[in-house]
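Me: I am new to this structure and would like to learn how to read it, one feature at a time. Could you take me through it slowly?

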Amino acid sequence: MDRQARGLMNRDVQGQWVRLQTLTRVRWLAASGQVFALLIAHYVFDLYFALSLCLAVVAVSAASNLLSTVVFPRSRRLSETEALLTLVFDTTQLALLLFLTGGMNNPFGLLLIAPVTIAATALTLRSVLILGGLAVALASLLAFSFEPLRTVNGDILVLPDLFRFGFWIALVIGIAFIGLYSRSVAAEKHALTEALLATSLALARDQKLTDLGGVVAAAAHELGTPLATIKLVSSELIDALDDPELKEDARLLREQADRCRAILRSMGQAGKTDLHVHHAPIETVLDEAAAPHADRGKALILDIAGDEARTTEIQRRPEIIHGLRNLIQNAVDFAQSSVWIEADLTQTHLSVRVIDDGPGFPPHLLTRIGDPYLRDRHGAAPRDESRPEYEGMGLGLFIAKTLLARTGAEVRFRNCAGNGHPRKAPEARCGALAEVRWPLTAIQADPRRALGDNAPIH
């Protein structure tokens, strides 16, 4: 995946994707609930507090909602700073209402967790820490400074100090735990979304190349007849003209027509290859998958068991090519000197193993391999500054596993650990092993559909 696409996705998961309309809707719901709670507390439970001032605080929140609706379009997406400031305003407004209605003696103090939870699911960790710190500071202030609630008899409603302190402790722990938990879930979701987008980009790029091949093939076919006509007419002009200069021009015209025809013939053959060859021998598919990594300083050793396996044709699908290519890339990245690509064919299954002589997968990550964006690398290798675009183990293997699973394959990752050594080098060091196993019915090509369904000729 190129840097531009990665940058777009990073901006998408780190901010500027929260819609103003979404926050406005939530704030209208909160304001309605606050007004309802204030009226019930005052008129039903006969609790006395500064009702007019409380309703004024809610009115300020409603006015800000109306102002944002008028000034900004409904589809506007808030930046990181704008979303943070909006949530800071909401937290402060709620704290002011709590101050006027009993502070930590008011059970609605629990709602201080809500803005932090929203920030944890939508904003960066820095913003979550800022808002969480503000919520804890306001909760601490409300534990000691507040306007008490009074009953109809004038009695002050105050919890015992022990209960009020326990409520404060529970609120602080709730802000920290729920905020961090929501943040971890949201970060994992964002990483998965980015990885799936990378997979879609890879398939879309391959599909565009295939479509381009079809256009080239059609152009080569359609331009063949006009070029043949130009060549025929220019040949007749050469024979008919007496002027040497005009004859030379006609000869040059014929030569250029021949050149165009040769170029289009080669392009047309390439286009037909991309468009029509939907299956190929196992050896050809593996060679195509490994080709981009053949000149990276590591030996790629292809080992296909048996002539039947070598010549058996399988589907040549973009998912298979890209998936195997990512597995081979990961092996080449961490191999010391050699990578073995082995294929075995049985009556029911096709298995492909990619083995390297590197340090192997970290044991504590074996159960997580195939998840996107694992931070650890083989052997905790330092970052290679010469290749800053490479993010290490994680995304590539996730893409490979996702693509191959779409073709019906089962993908497993393990370390050799005494077995699974390369057949051609049983004494060689064996590090990581990635095995792909297809049911033969899912991958074997149908020779009757080599060129696809027949289409009517117009």
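**Reading the model step by step**

Reply: Helices (H or I, at least four residues) and strands (E, at least two) are DSSP runs, numbered from the N terminus. This is a predicted model, in which local features need pLDDT of at least 70 and side-chain atom pairs count only at pLDDT 80 or more, while totals for chains, interfaces and linings use all residues. Residues are numbered from 1 along each chain as its sequence is written, and side-chain values use heavy atoms, with hydrogens and water left out.

Me: Is Glu435 buried or exposed, and which residues is Glu435 in contact with?

Reply: Buried means under 20% relative accessible area, exposed over 50%, and partly exposed in between (1.4 Å probe, protein chains only). Glu435 has a relative accessible area of 10%, so Glu435 is buried. Contact means heavy atoms within 4.5 Å; leaving aside neighbours within four places in sequence, Glu435 is in contact with Ser351, Val352, Arg353, Glu410, Val411 and Arg412.

Me: How should I read a nonpolar core, and which residues touch the most other members of the largest one?

Reply: In soluble globular proteins, nonpolar side chains tend to be buried together. A nonpolar core is a set of buried Ala, Val, Leu, Ile, Met, Phe, Trp, Tyr and Cys residues joined through side-chain atoms within 4.5 Å. Here the largest nonpolar core has 37 residues, and those touching the most other members are Leu286, Leu324, Leu327, Leu404, Phe413, Val436 and Trp438. Among the elements that give two or more residues to this core are α9, α12 (395-406), β10 (410-415) and β11, while the largest share, 7 residues, comes from α11. Leu286, again leaving aside neighbours within four places in sequence, is in contact with Leu302, Ile304, Leu324, Ile341, Ala343 and Val352. A second, separate core of 28 residues includes Val18, Leu87, Leu94 and Ala120.

Me: How many salt bridges does a search of the whole structure find?

Reply: A salt bridge is a side-chain nitrogen of Lys or Arg within 4 Å of a carboxyl oxygen of Asp or Glu, and the search finds 9 of them in the whole structure. In one of these, the side chains of Arg27 and Asp90 meet at 2.9 Å, N to O. That pair links distant parts of the chain, with Arg27 in helix α2 (residues 20-43) and Asp90 in helix α4 (residues 80-100), 63 residues apart; Arg27 and Asp90 are both buried. Another salt bridge joins the side chains of Arg251 and Glu248 (3.0 Å, N to O), and these two residues both lie in helix α8 (residues 244-276), 3 residues apart, about one turn of the helix. Arg251 counts as partly exposed because its relative accessibility is 28%, and Glu248 counts as partly exposed because its value is 44%.

Me: Where does Ala280 lie, and which residues is Ala280 in contact with?

Reply: Ala280 lies in strand β5 (residues 279-281) and counts as buried because its relative accessibility is 6%. Leaving aside neighbours within four places in sequence, Ala280 is in contact with Val285, Thr312, Glu313, Ile314 and Arg316. Thr312 is 32 residues away from Ala280 along the chain, yet their C-alpha atoms are separated by 8.0 Å.

Me: What does the whole chain look like in helices, strands and buried residues?

Reply: The chain has 13 helices and 11 strands, and buried residues make up 41% of its 458 residues.
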